[in-house]
Amino acid sequence: MCAHPAEGECYYLRVLLNHVAGSTSFEDLRTVDGVVMPSFRAAAERRGLIEADNTLDECLTEAGVFQMPLSLRRLFATILVCCEPSDVRGLWNKHLDAMSDDYRRNNTCPHVVQQMVLIDIRGMLQSMGKEITSFPLPEIDESHDSTRGDPREIIEESSIGVEADDMNLSDQLNDEQRSAFNKIMNAVGSAQGGVFFVDGPGGTRKTFLYRALLATVRGKGDIAVATATSGVAASIMPGGRTAHSRFKIPLNIEEGSYCSFTKQSGTAKLLQMASLIIWDEASMTKRQAVEALDMSMRDIMGCPRSPFGGKTIVFGGDFRQVLPVIRKGTRSQITDATLRRSYLWDCMVQLKLVRNMRAQSDAWFADYLLRVGNGTEEVNKEGLIGLPSDICVSCKGNETDL
């Protein structure tokens, strides 16, 4: 039998049973140095088997000296989720003043200030997958909630401003970008959804296209979610975040995995409301991560037969650059992990951005390498693969250097 710290006395009873030998009754377990303790938790603390809440109290007290009230509220929420304090109400009462210092500057009513702190902590707990009702804290008066109960994720995305320069980007697109822009915006406007992949080597201004799409959708008051596989790529898009952070993708992803958000979570509600989702550098991620998002969105949207639940989602990347990293993986394993090997690849509308003729040859050569790595390229009788003459350099004279 096992017990979780959140189970209260059952957990502390289990701790005592594991460490106290020779006890014949529950009273024996609660007896420490001849004194019968009032609870199993008190007995475990007296024996030094668990850490008392005074360390959590000291942590909040020390942080209150140099941390801002917002940081203290976040620390308090983290303690509730990760540390399982026994006297939650005691910690709340002792550190409420420090956590509400910023709100008290603009409001003199203690009840209103307390409600503002509770509402703020509720949003933090929801982002950690917990509800404030799970903890013995004062009840929230919804009349003080100016967000009307909207999840924090929706509030953050809705508050992303659109720069004036970005609003004019759609007028500066070249012919290929314009074609891709129109196809994607038609899918957004029709509400029928669509899955697109913007393919192009570096320098074809894929990010320029993403910014134009984000500005156009957000300028209409709709929600557009901008993500990327890498943090650097995410940082150059307005409101961008890493895909693993936004979609709650498990770090150890396997076949058939789902994202770790629930139907009732703020992330699920955000994705349900989003008109457009962008995932840049998708060529660098494992296909299982994209498939996990697909299955999760089919679930939350209630559309099991539509890719990504019928949402408009735009992937982007360059398969000529970095492919997914497979530790000690062979070429075939790396190729198998790419998005091109996913069942979703055939559902995607390919939007190619070409820089010049060299980019076209690069695209052909990338496909050629994939065929070679996958073992589908034709071989001769000796099992050798012939290189096309266009990519071979002829040898002149006695030159031996490559």
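Colleague: Which helices each supply at least two residues of the lining of the largest pocket?

Modeller: Helices H8, H9 (152-158) and H15 (266-273) each do so, a helix being a DSSP run of H or I of at least four residues and a strand a run of E of at least two, both numbered from the N terminus. The model is predicted, with pLDDT of at least 70 needed for local features and 80 or more for side-chain atom pairs, while totals for chains, interfaces and linings use all residues. Numbering starts from 1 along each chain as its sequence is written, and side-chain values rest on heavy atoms, without hydrogens and water.

Colleague: What makes a residue part of the lining of the largest pocket, and which lie nearest its centre?

Modeller: A lining residue has an atom within 4 Å of a point on a 1 Å grid over the protein atoms alone, and a pocket is an open set of such points with protein on both sides within 12 Å along at least five of seven lines. By that rule 34 residues line the largest pocket, with Arg122, Gly123, Met124, Gln126 and Arg152 nearest its centre. H8 gives the most, eight residues, and the volume is about 760 Å³, taken as the space filled by probe spheres set on the points, which are joined across faces, edges and corners.

Colleague: How does the lining of the largest pocket divide by residue type?

Modeller: There are eight nonpolar, 14 polar and 12 charged residues, where Ala, Val, Leu, Ile, Met, Phe, Trp, Tyr, Cys and Pro count as nonpolar, Asp, Glu, Lys and Arg as charged, and the others, Gly among them, as polar.

Colleague: What makes the largest cavity a cavity, and what is its volume?

Modeller: In a cavity a 1.4 Å probe fits but cannot get out; the largest cavity has a volume of about 50 Å³, and the whole structure holds one cavity of 30 Å³ or more. Helix H12 (residues 206-219) provides the largest share of its lining, four residues, and the lining as a whole has four nonpolar, one polar and four charged residues.

Colleague: Why are H6 and H8 called roughly perpendicular to each other?

Modeller: For H6 (residues 88-99) and H8 (residues 110-127) they cross at roughly 95 degrees and come within 11 Å. Angles of 65 to 115 degrees count as roughly perpendicular, and H6 and H8 are therefore roughly perpendicular. With contact meaning heavy atoms within 4.5 Å, Trp92, Leu96 and Met99 in H6 meet Gln114, Val117, Leu118 and Ile121 in H8.

Colleague: Why does the term roughly perpendicular apply to H15 and H16?

Modeller: H15 and H16 (residues 287-301) pack at about 80 degrees, with axes 10 Å apart, and are therefore roughly perpendicular to each other. Ala268, Leu271 and Gln272 of H15 make the contact with Leu293, Met297, Ile300 and Met301 of H16.

Colleague: How do you know that strands E3 and E7 pair, and how many bridges join them?

Modeller: Pairing requires at least two DSSP bridges between the strands; six join E3 (residues 194-199) to E7 (residues 312-317), and the two run parallel. They belong to an open sheet of six strands in the order E5-E4-E6-E7-E3-E8, whose edge strands, E5 (241-242) and E8 (349-352), each pair on one side only.

Technical notes: Axes fitted to C-alpha atoms, helices over the stretch in contact; angles between N-to-C directions. Parallel < 35°, antiparallel > 145°, perpendicular 65-115°, else oblique.
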